[in-house]
Amino acid sequence: MRAKIKNLATTALKVTLVAALLWWMISGGKLNLSEVAIFAQNRTFLIVSVLFWLFVPVALGSFRWWLLLRGAKVPAPWWRTAELQMVGLFFNTTMPGSVSGDLVKAVYVVRDQRGQKRTASAIAIVLDRVVGLMGLFSIAGIASLFFMRSVSSSPFLASMAGAVTACCFGMLAFLGVVFYPHKPGKDPFVRLLRRKIPLIGPLFALILKVYEALRSYRDHPAHLLGAWAVSVVIQSAGVAYYWYTTSVLTGQTPALSEFAIVLPFGMIATVIPVAPGGLGVGHVAFEKLFALIGLTGGANVFNVIMLGQLALNLTGLVPYLLMRKKGGASIKELSHAVH
């Protein structure tokens with residue numbers, strides 16, 4: 001009973017927060033809901049949007065996950081990963097945050113496997129999200145280096161670019177540590193991360209899981225590096241689509257260098273598990289980030305993109321219902337598994 005009351009209170013608090021954020025933005029003129037009519041008014045934009053959502057999140061996203069499963073020696077066919085990718089996108093919309101669908105995918109792929117493959121399947125789910133973030137910061141880091149001269153003219157962008165570049169070098173150093181051929185039982189990082197230190201102990205435990213998951217790919221680095229490359233392609237397409245949407249919707253032509261640097265921070269904000277698809281939090285984040293680089297309409301751009309993604313995500317209900325007929329988990333069971 002206490003758990004149910006706590007869940008209801010948490011949900012009510014999240015709904016209230018999202019409603020307050022949206023009301024604040026609408027009442028302040030920062031969010032114009034009529035902008036979504038662009039899908040009906042601009043046929044070219046509609047076609048580009050449909051092609052983007054089908055090819056990038058579904059086709060390329062499924063391929064990236066399939067590569068990681070192959071590296072983990074999980075015998076999942078590509079069509080099955082594509083099916084579960086669609087189901088995961090559906091639950092990204094119907095559950096708080098933009099990672100809930102990952103957990104639903106984990107439930108299904110674990111059910112598909114037997115024995116030791118269950119752990120490997122769950123690891124591939126975690127790495128799919130980690131590699132996605134690596135792709136995001138890779139794009140931002142490349143933009144920081146490629147457009148260094150123009151970025152350095154803005155103190156704000158220079159500091160942000162410095163942080164992104166540091167994250168990129170940190171990722172490379174971390175991968176170097178991961179693939180270093182330590183002898184069994186002699187890995188100093190495992191010993192360090194297994195220490196139960198007050199306050200930061202849980203963080204160490206999370207880092208250890210990611211570290212050990214990546215270590216499992218030492219014998220199959222091509223799959224991990226291939227998934228990283230696919231992530232870079234996915235995030236590049238995402239930056240291009242956001243840039244195109246901003247140009248069409250607001251009439252502004254953002255500097256590609258600035259756009260590529262600030263966009264990853266907006267995307268990370270949508271991961272916060274407050275509402276489905278980053279509703280509310282994403283609107284505020286994009287409005288603020290756009291303002292920092294001299295653009296207006298960030299909330300409207302995010303709103304249009306979010307609704308376009310929503311339309312695609314809801315189509316994931318079809319494969320989910322077909323799977324239910326074959327004995328798949330119910331929404332109630334999946335909700336319990338996620339929480």
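Mentor: Rings of Phe, Tyr and Trp (its six-membered ring) pair if their centres lie within 6.5 Å; planes under 30 degrees apart count as stacked, over 60 as edge-to-face and the rest as tilted. This is a predicted model, where local features need pLDDT of at least 70, side-chain atom pairs count only at pLDDT 80 or more, and totals for chains, interfaces and linings use all residues. Residues are numbered from 1 along each chain, and side-chain values use heavy atoms, leaving out hydrogens and water.

Trainee: Thanks! Which residues form one aromatic cluster?

Mentor: Phe39, Phe45, Phe52, Trp53, Tyr241 and Tyr244 do.

Trainee: And how many aromatic pairs are there by this rule?

Mentor: The count is 12. One of them is Phe45 with Tyr241, which is stacked at 6.3 Å centre to centre and 15° between the planes.

Trainee: Where do Phe45 and Tyr241 lie?

Mentor: Phe45 is in helix α3 (residues 43-71) and Tyr241 in helix α11 (residues 221-250), so their pair ties together parts 196 residues apart in sequence. Helices here are DSSP runs (H or I, at least four residues), numbered from the N terminus.

Trainee: Are Phe45 and Tyr241 buried or exposed?

Mentor: Both Phe45 and Tyr241 are buried. Buried means under 20% relative accessible area, exposed over 50%, and partly exposed in between (1.4 Å probe, protein chains only).

Trainee: New topic: where does Ile200 lie?

Mentor: Ile200 sits in the loop between α9 (188-193) and α10 (201-215).

Trainee: Why does Ile200 count as partly exposed?

Mentor: Because its relative accessibility is 35%.

Methods
Helices (H or I, at least four residues) and strands (E, at least two) are DSSP runs, numbered from the N terminus.
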